[in-house]
Amino acid sequence: MQAGWAAISALGRRLRRIVGRDGVLSSPSELAVYECDGYTLEKHRPDLVVFPRSTAEVVEIVRLCRRYRVPILARGAGTSLAGGCTPVGGGVLMAMTRMNRILKIDLRNRMAVVEPGVLNVQLARALEGTGLHFAPDPSSQTASTLGGNVATNAGGPHTLKYGVTANHVLGLEAVLADGSVLQLGPALDPPGYDLLGLLVGSEGTLAILTKLWLRLTPNPQDYRTVRAVFAQIDSACNAISDIIGQGIIPAAMELMDQGILGAVEEAYHFGFPLDVEAVVIIEVDGLSAGLDEQLARIVQICQRWGARQLLHASSAEERAYLWKCRKMAVGAVGRLSPSYCIQDGVVPRTQLPRIMRRIAEISRRHQIRIVNVAHAGDGNIHPILLFDQENPEERRRALAASYELLEACLECGGSITAEHGIGIEKLPLMTRQFQPADLEAMQRVRQAFDPEGLLAPGKVLPSGIPPGGRIGRPTVKDNQPASAPASNVLASEEPFSLYHRGGAP
């Protein structure tokens with residue numbers, strides 16, 4: 001073990017020569033911060049954390065790690081809810097948060113060029129007053145990085161009309177597993193294979209993103225926002241499907257159930273009636289002409305499905321107020337339970353009543369309280385399982401309920417994820433969603449990008465851990481070139497080997 005720690009110390013010294021003394025974390029107390037992301041049910045501590053500031057530094061770090069077969073996991077703000085930022089098997093965790101510059105805002109071409117560590121809200125604020133915005137708005141917008149949004153193909157409330165992150169990425173610069181730099185785009189309709197589409201949502205398993213070209217969308221001329229209160233959640237779900245069925249495509253339709261309403265009301269005092277099963281926030285946007293007509297039709301549909309109360313926003317301040325209850329919903333959950341797990345699945349809109357009934361059934365059977373928020377317009381559900389993480393029995397029941405409700409999504413014709421990604425949390429369910437031939441094809445793509453399996457091992461695909469699942473000896477000596485030119489950092493050091501520490505530290 002001492003030899004192992006000596007090897008880690010040697011790797012840390014080499015990394016510090018690349019990024020500076022303040023660019024590497026190695027003490028146990030520092031590493032503990034990075035042992036998980038928003039999915040806290042599984043924790044693994046990295047051996048080192050490194051903070052690059054440029055593409056050139058990322059290249060050097062990747063080449064160094066490749067020479068010594070050290071796994072690398074890229075991480076943004078750690079807001080992932082599926083364990084995408086959890087460093088299975090140790091290795092080097094590459095935190096991209098210091099690559100946080102907005103490089104260019106090109107209003108004429110409706111494009112922004114940013115580094116991966118830029119916060120989603122940081123770009124939103126930079127675009128204020130320009131008449132343009134970046135449409136994807138995940139609920140973690142104030143904390144999540146744009147690189148993380150692209151890596152997980154993040155969504156958000158307004159993706160019903162505007163699409164998920166993949167619809168707003170024009171180009172990427174990425175460092176591949178061998179240290180070479182790939183630039184895709186920016187181009188509106190690039191020829192050849194859609195490698196850009198392949199990298200978006202790949203969760204760091206194919207490449208490390210270092211620069212993003214993002215599409216900017218004109219701000220809507222006007223908005224109409226309404227909050228509808230329903231006595232029954234089935235009626236709320238049916239109204240949502242009916243609105244789409246009538247040919248109306250709102251910018252957003254967000255559902256909150258009785259459980260989450262109670263938490264929001266206790267925390268922020270919005271004046272919700274607590275004897276109702278659901279509240280739906282519906283927003284249409286676009287040219288002012290025609291919005292009143294759309295809103296009137298939406299109101300009629302909601303009333304037809306028994307909406308008990310309809311509150312219209314008549315100003316920008318009132319619109320912000322109506323949205324605040326949804327934006328603050330997850331933050332209020334801490335009042336309900338010491339621990340919680342936010343799940344992510346998707347079903348066809350017409351199956352919303354069925355999946356909500358199944359969630360209630362699963363909650364009763366496993367004796368785990370579940371409250372719900374949902375991007376209901378596109379069938380994206382977010383059941384929140386409440387439990388005590390320190391209680392092994394509650395933890396077991398929460399995990400069992402979590403898997404069962406995702407299986408229920410598959411039974412409804414849906415998917416095990418809409419925007420959180422697979423990470424490590426949903427690996428056991430990949431074989432339920434895909435046939436063996438499908439998974440094998442995905443694995444071959446992964447091996448083409450990363451033959452040695454060093455990028456984000458143990459993520460996305462059930463067979464994603466590299467052969468042997470361990471950190472081994474260098475594949476080349478210091479005086480022999482790798483397939484790409486070696487960093488000068490390595491020239492004066494002897495080769496070393498790292499051990500693999502199984503499980504959590």
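## Overall fold

The chain has 16 helices and 19 strands in this predicted model. Its C-alpha trace spans about 75 × 60 × 45 Å along the principal axes. The radius of gyration is 24 Å, which agrees with the value near 23 Å that a compact globule of 505 residues would have.

Of the 505 residues, 56% are buried. Among contacts with a separation of 6 or more, 72% join residues 24 or more positions apart. The accessible surface of the chain is about 20,900 Å², and carbon and sulfur atoms contribute 51% of that area.

## Helix α13

Helix α13 covers residues 352-366, 15 residues in total. From its first C-alpha to its last it reaches 21 Å, close to the 21 Å expected at 1.5 Å a residue. Glutamine 367 follows α13 and has a positive phi, near 55°.

The buried residues of α13 are Leu352, Pro353, Ile355, Met356, Arg358, Ile359, Ile362, Ser363 and His366. An α-helix has 3.6 residues a turn, so residues three or four places apart point the same way.

## A nonpolar surface patch

Tyr193, Leu195, Leu198 and Val445 make a nonpolar surface patch of about 390 Å². Val445 lies in helix α16, which runs over residues 436-449. The relative accessibility of Val445 is 32%, so this valine counts as partly exposed; the cut-offs for that class are 20% and 50%.

Notes:
Residues numbered from 1 in each chain as written. Predicted model: local features only at pLDDT ≥ 70, side-chain atom pairs only at ≥ 80, totals over all residues. Heavy atoms only, no water. Patch = residues over 30% accessible without salt bridge, like charges linked within 9 Å, V, L, I, M, F, W, Y side chains within 5 Å. Areas by Shrake-Rupley, 256 points an atom, 1.4 Å probe, with all protein chains shown as cover. Salt bridge = Lys/Arg side-chain N within 4 Å of Asp/Glu carboxyl O. Helix = DSSP H or I, 4+ residues; strand = E, 2+ residues; numbered from the N terminus. Buried < 20%, exposed > 50% of the residue type's maximum accessible area, 1.4 Å probe, protein only. Expected span 1.5 Å × (residues − 1). Rg over C-alpha atoms; globule rule 2.2 N^0.38 Å. Contact = heavy atoms within 4.5 Å.
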